[in-house]
Amino acid sequence: MAASHDALFRRLLADRAIAADVIRGALPPEVAALLDLSQLEPRPTAHVDEALHAFHSDLVFGAKLAGRDALVLLLVEHQSRPDARMPFRLLQYAMNAWDAYERDHPKAAIPLIVPLVLYQGPGTWSAPRDLLAMFDLTPEEAAVLGRYVPRMGFEVDDLSALTDAALVARHMGPEATLALSALRDVRGAADVPALLERWGELLRAANETPSGARALATVLRYILQVHSALDIDELARVADSVVTGGGAEV
């Protein structure tokens, strides 16, 4: 099942316009305002340390700081369950990414890394959000000793807590809105036709653009992977009825 969620995440965010919308909506506004997300560049997702252990990230994009030529790496991880070791994993990736960048650009400043976790699991994210929380320290001890810890904080876009109204308020394109709606809703859907009907306006808007039509096809394949008992012809009929405005009668 996790492979289906990962595949949808990777296929949809491979479209840089969708990725830019998702990242812009998930980051705090003051952070997004400092980044030029109009020209995202996919970057390598694996780095190898001296012991030949590969560290993999889900997706990595390069962006520039708004108004000047300074590189920022946007590390986007997909999680279907909380991971108590996420800060440590991110730090491992960052250290190897910085080491590789310094070898290739020995006189340049290393790029800032902005980690973003896209979480679609049941319940809200409950794991640590920075490295300091992984240490056995009381709050009083952490206040004094925390200066010695690389924090490796990250943003969590918790889809389980994201309402339809909150999605609309992000002002994303229909493709990105559909991508996040699918990751949030499909796994727990007891009635897929009813879910498609609820998405009606969104599906029609997505279907009017080439990238949206591709995203819609990807989402329908995802639905069939998650709900394998569904009949493919019936799902196609219901989706077509919703997209053309006929409703999702079964």
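Me: Ala, Val, Leu, Ile, Met, Phe, Trp, Tyr, Cys and Pro count as nonpolar, Asp, Glu, Lys and Arg as charged, and the others, Gly among them, as polar. With that in hand, how do the residues lining the largest pocket divide?

Reply: There are seven nonpolar, four polar and four charged residues in that lining. Before we go on, please note that this is a predicted model, in which local features need pLDDT of at least 70 and side-chain atom pairs count only at pLDDT 80 or more, while totals for chains, interfaces and linings use all residues. Residues are numbered from 1 along each chain as its sequence is written, and side-chain values use heavy atoms, with hydrogens and water left out.

Me: What makes a space a pocket, and which residues line the largest pocket here?

Reply: On a 1 Å grid over the protein atoms alone, a pocket is an open set of points where a 1.4 Å probe fits, with protein on both sides within 12 Å along at least five of seven lines; lining residues have an atom within 4 Å of a point. Fifteen residues line the largest pocket, with D164, V168, T177, S181 and L202 nearest its centre. Its space comes to about 310 Å³, a volume being what is filled by probe spheres set on grid points joined across faces, edges and corners. Helix α7 (174-185) gives the most to the lining, with four residues. Helices here are DSSP runs of H or I with at least four residues, and strands are runs of E with at least two, numbered from the N terminus.

Me: Why is A32 called buried?

Reply: Buried means under 20% relative accessible area, exposed over 50%, and partly exposed in between, using a 1.4 Å probe and protein chains only. A32 has 12%, so A32 is buried. This residue sits in helix α3 (residues 29-32). Leaving aside neighbours within four places in sequence, A32 is in contact (heavy atoms within 4.5 Å) with R24 and L27.

Me: How do you know that D83 counts as buried?

Reply: The value for D83 is 16%, which is under 20%, so D83 counts as buried. D83 is in the loop between β5 (71-79) and α4 (86-104). Beyond four places in sequence, D83 touches R89, W125 and A127.

Me: Why is the pair of Y119 and W125 called edge-to-face?

Reply: Rings of Phe, Tyr and Trp (its six-membered ring) pair if their centres lie within 6.5 Å; planes under 30 degrees apart count as stacked, over 60 as edge-to-face and the rest as tilted. Y119 and W125 have ring centres 5.3 Å apart and planes at 80°, so the pair is edge-to-face. W125 and F154 are also edge-to-face, because their centres are 6.2 Å apart and their planes at 85°. W125 lies in the loop between β6 (112-119) and α5 (139-145), and F154 in the loop between α5 and β7 (155-158), so this pair ties together parts that are 29 residues apart in sequence. Ring pairs link Y119, W125 and F154 into a cluster. Y119 is buried at 0%, W125 at 6% and F154 at 7%.

Me: What makes a set of residues a nonpolar core, and how many residues does the largest one have?

Reply: A nonpolar core is a set of buried Ala, Val, Leu, Ile, Met, Phe, Trp, Tyr and Cys residues joined through side-chain atoms within 4.5 Å. The largest has 55 residues, and I23, L40, L74, L196 and W199 have the most contacts inside it. Helix α10 (residues 210-226) gives the most to this core, with seven residues. A second, separate core of 23 residues includes L91, V117, L131 and V149.
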